[in-house]
Amino acid sequence: MKTLSAESLFGVHACLPTLPPLTPTPPPSIQEDQPPASCHPIPPSSWWIRLCDHPPQPIIPATWNCCCPHCNALLLSTESDAFCCGNGKHVLPKLCPFPSRMQQVLSHATQHRHLSDFSRVVNNLFSFAGIGVSGKFKHFSTRVGSGPPAVAITGRTYHMVRNTEYTDHSIHWFLYDESQREFKAQQFGVHATIVQAISNDLKAVNPYVSHLQHFHDTSRRRRRTLELKDFNAVGDFAAVMHVSNSTIINPRSIIIQCHRQNRPHFVNILSRHYKPLHYVLLFPHADIGWGLDHVPDIPSLMQIQWYRSRLLANDDDRFSIFGRLSAEYVVGNSPSLGRYS
Ligand SMILES: [Zn+2]
């Protein structure tokens with residue numbers, strides 16, 4: 001093998017100090033019985049000694065191959081059954097399956113993807129409740145160079161139910177003007193077939209829609225109030241139409257009024273109606289939500305246990321299918337989780 005000298009590497013004009021040739025130095029011999037006097041004895045507790053006794057375990061990636069036998073939650077191979085429902089202690093009643101027309105939509109690949117992409121928009125087209133603020137919304141400019149789209153709110157947020165005469169809302173559309181819903185859907189690019197399918201399903205299975213029909217039984221000019229009472233043992237609830245202003249209404253009931261008002265009805269977040277009123281696409285049958293009042297056959301869970309169990313059980317894969325709406329559902333819950341957990 002050709003040996004490169006400093007002269008061949010750096011040229012004849014390179015001035016390098018002359019170094020002595022490198023000669024391998026034999027390692028010092030270590031006698032087990034008599035360590036060298038210059039070396040300190042190695043203490044047996046040194047970390048590198050202990051590390052030799054505990055070599056690192058090879059990393060094995062966790063896989064989604066476990067299923068909880070209590071709530072059917074899909075679990076990682078490293079998670080125990082207690083992770084989702086506390087070994088069956090926090091299992092919620094299974095949600096009602098999707099109605100027939102929604103199932104047809106979801107069985108069609110293109111419509112499935114469209115409904116999944118537009119889940120938040122579609123839910124807003126049918127939702128009975130909404131979020132309002134005591135102050136106002138401040139929208140920032142979205143022009144090029146002005147930063148990412150952003151909105152700020154002033155005051156406090158609350159959940160509300162509009163009256164029937166508020167024309168730009170699902171309740172009014174269900175009662176008097178379905179064409180306005182279709183017009184809004186067209187504006188947002190939602191397929192008309194999907195809107196029609198969900199509308200028909202909700203009229204068939206959603207109790208809020210059927211109770212709204214009480215408003216058709218009386219004159220539109222009379223002041224009336226529809227009171228939605230608490231859920232009963234079988235997950236159903238009663239709705240009572242009041243035509244007198246002197247009627248005493250339970251403060252935790254949800255009320256829908258037929259006359260215009262300066263402010264909407266505020267929804268008590270401790271009401272079990274709160275979520276099914278808002279997330280109609282996730283709960284088309286108005287399945288009972290979390291609340292403080294006791295309902296037989298429904299486990300009394302802390303709020304965080306309730307949502308953990310509900311999300312991980314993921315009945316009919318709905319929280320995955322409607323992922324964008326599920327994210328809103330989770331974020332909407334987070335402010336109150338600290339207070340009631
Ligand atoms: Zn479980």
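Two strands count as paired when DSSP finds at least two bridges between them. Keep that rule in mind for this predicted model.

Start with the sheet. It is open and has 3 strands, in the order E8-E7-E9. The pairing is antiparallel. The edge strands are E8, at residues 237-242, and E9, at residues 254-257. Each of these edge strands pairs on one side only. From one strand to the next, the twist averages 20°.

Now look at one pairing in detail. Strand E7 covers residues 225-231. E7 and E9 run antiparallel, and 4 bridges join them. At least two bridges are needed for a pair, so E7 and E9 qualify. Within this pairing, which residue of E9 does Leu-226 face? Leu-226 stands opposite Ile-256.

Next, move on to the loop between helix H11 (274-278) and helix H12 (303-313). Ala-286 is found in this loop. Its phi is positive, about 60°, although Ala-286 is not a glycine. Asp-297 has its place in the loop between H11 and H12 as well. Asp-297 is not a glycine either, yet its phi is positive, at about 70°.

Ala-286 has 27 other C-beta atoms within 10 Å. The cut-off for a buried residue is 20 or more, so Ala-286 is buried. Then take Asp-297. Asp-297 has 8 C-beta neighbours inside 10 Å. A residue with 12 or fewer is exposed, so Asp-297 counts as exposed.

How values were computed: Residues numbered from 1 in each chain as written. Predicted model: local features only at pLDDT ≥ 70, side-chain atom pairs only at ≥ 80, totals over all residues. Axes fitted to C-alpha atoms, helices over the stretch in contact; angles between N-to-C directions.
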